[in-house]
Amino acid sequence: MGDRNETTVTDFLFLGLTDHLPLQIILFVLLLFLYLVTLGGNLGMITLIRIDPRLHTPMYFFLSHLSFVDVCSSSSIAPKMLWDIFAEKRGISFMGCAAQMWFFGLFVATECCLLASMAYDRYVAICKPLLYTLLMSQRVCEQLVVGPYAVALTSTMTHTILTFCLPFCGPNIINHFFCDISPLLSLACADTWTNKLVLFVLAGAVGVLSGLVITVSYICILVAILKIQTADGRRKAFSTCTSHLTAICVLYGTLFFNYVRPGSGFSLDTNKVISLFYTVVTPMLNPLIYSLRNKEVKDALRRMSERKNSSKGWMK
């Protein structure tokens with residue numbers, strides 16, 4: 001028992017992305033640009049929804065929370081990752097590692113559930129338009145936002161506590177650029193079967209249940225759209241869902257490929273590339289998807305631009 005206490009791990013070291021200086025410079029500039037675009041795009045989306053009364057609807061209420069979650073999930077990884085690119089010692093404390101894993105897991109799980117809430121919103125809007133105001137009241141919308149946070153908090157807290165209660169007494173080098181649960185479990189000096197089982201059950205429940213809500217909602221939406229008589233009506237109905245569907249495909253596609261696919265035949269470097277996509281690229285894409293493919297957001301941007309131009313003209 002004494003030997004184990006003497007060799008208990010107090011911090012972890014990341015192998016990071018690369019040790020080649022030219023590649024480090026390219027990665028730093030690229031990732032810094034992506035992170036700044038993520039912050040600007042998502043904070044801009046939150047601000048636009050807040051100041052434009054025409055965007056004070058359930059759909060954009062959910063979208064503002066999605067943007068908040070994207071900012072938080074990216075910020076839990078990107079600053080440390082950028083700092084470590086040129087660092088000689090890419091270290092993180094034991095508690096810092098636990099905090100990073102908790103925050104990132106919390107916001108990713110929340111995003112999965114928020115996308116399910118947004119799918120239900122689209123279902124009500126298209127399949128039950130006359131009851132939309134009643135079914136999507138402010139209280140219901142708040143519940144559909146609080147629910148994802150509560151589910152994600154329960155799941156992530158369970159994983160974090162179980163993982164960091166394990167003894168870490170051997171190597172402390174993580175072949176990654178952030179504290180992900182899989183490489184951490186491989187460093188534990190105890191049997192991790194229980195942890196993996198809980199991970200499979202809870203993460204599977206979050207993914208499957210949110211995916212099921214999304215699937216059922218869009219099956220009902222598709223059936224309702226096909227019943228519309230005119231092609232223009234079908235196009236307009238489906239256009240309200242394209243941005244949301246794109247966001248779902250981007251997030252679920254990368255998470256599925258990284259965590260559900262068979263591990264054989266894929267190197268750890270491949271895992272890093274995939275992880276980069278959903279930790280840095282995906283949070284950047286969501287505001288672009290919703291601004292480029294959404295007429296209401298484009299109109300709101302145009303109105304805000306016109307107000308700024310008119311105010312400048314008045315000051316002159």
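User: What makes α2 and α4 roughly antiparallel to each other?

Analyst: In this predicted model, α2 and helix α4 (residues 78-85) pack at an angle of about 160° with their axes 10 Å apart, where axes are lines fitted to C-alpha atoms, for helices over the stretch in contact, and angles run from 0 to 180 degrees between N-to-C directions. Angles over 145 degrees count as roughly antiparallel (under 35 as roughly parallel, 65 to 115 as roughly perpendicular, the rest as oblique), and α2 and α4 are therefore roughly antiparallel.

User: Which residues make the contact of α2 with α4, and how do they divide by class?

Analyst: With contact meaning heavy atoms within 4.5 Å, Q24, L27, F28, L31, L32 and Y35 of α2 meet A78, P79, M81, L82 and I85 of α4. These residues divide into 10 nonpolar, 1 polar and no charged, given that Ala, Val, Leu, Ile, Met, Phe, Trp, Tyr, Cys and Pro count as nonpolar, Asp, Glu, Lys and Arg as charged, and the others, Gly among them, as polar.

User: Why are α2 and α3 called roughly antiparallel?

Analyst: Helix α2 (residues 21-51) and helix α3 (residues 58-75) pack at an angle of about 155°, their axes lying 9 Å apart, and α2 and α3 are therefore roughly antiparallel to each other.

User: How do you know that the span of α3 is close to the expected one?

Analyst: The expected span of a helix is 1.5 Å times one less than its number of residues; α3, with 18 residues, reaches 26 Å from its first C-alpha to its last, close to the 26 Å expected.

User: What makes α3 mostly covered?

Analyst: Buried means under 20% relative accessible area (exposed over 50%, partly exposed in between, with a 1.4 Å probe and protein chains only), and 14 of the 18 residues of α3 are buried. For the chain, 45% of the 316 residues count as buried.

User: What conventions lie behind these values?

Analyst: Residues are numbered from 1 along each chain as its sequence is written, and side-chain values use heavy atoms, with hydrogens and water left out. Because the model is predicted, local features need pLDDT of at least 70 and side-chain atom pairs count only at pLDDT 80 or more, whereas totals for chains, interfaces and linings use all residues.

Technical notes:
Helices (H or I, at least four residues) and strands (E, at least two) are DSSP runs, numbered from the N terminus.
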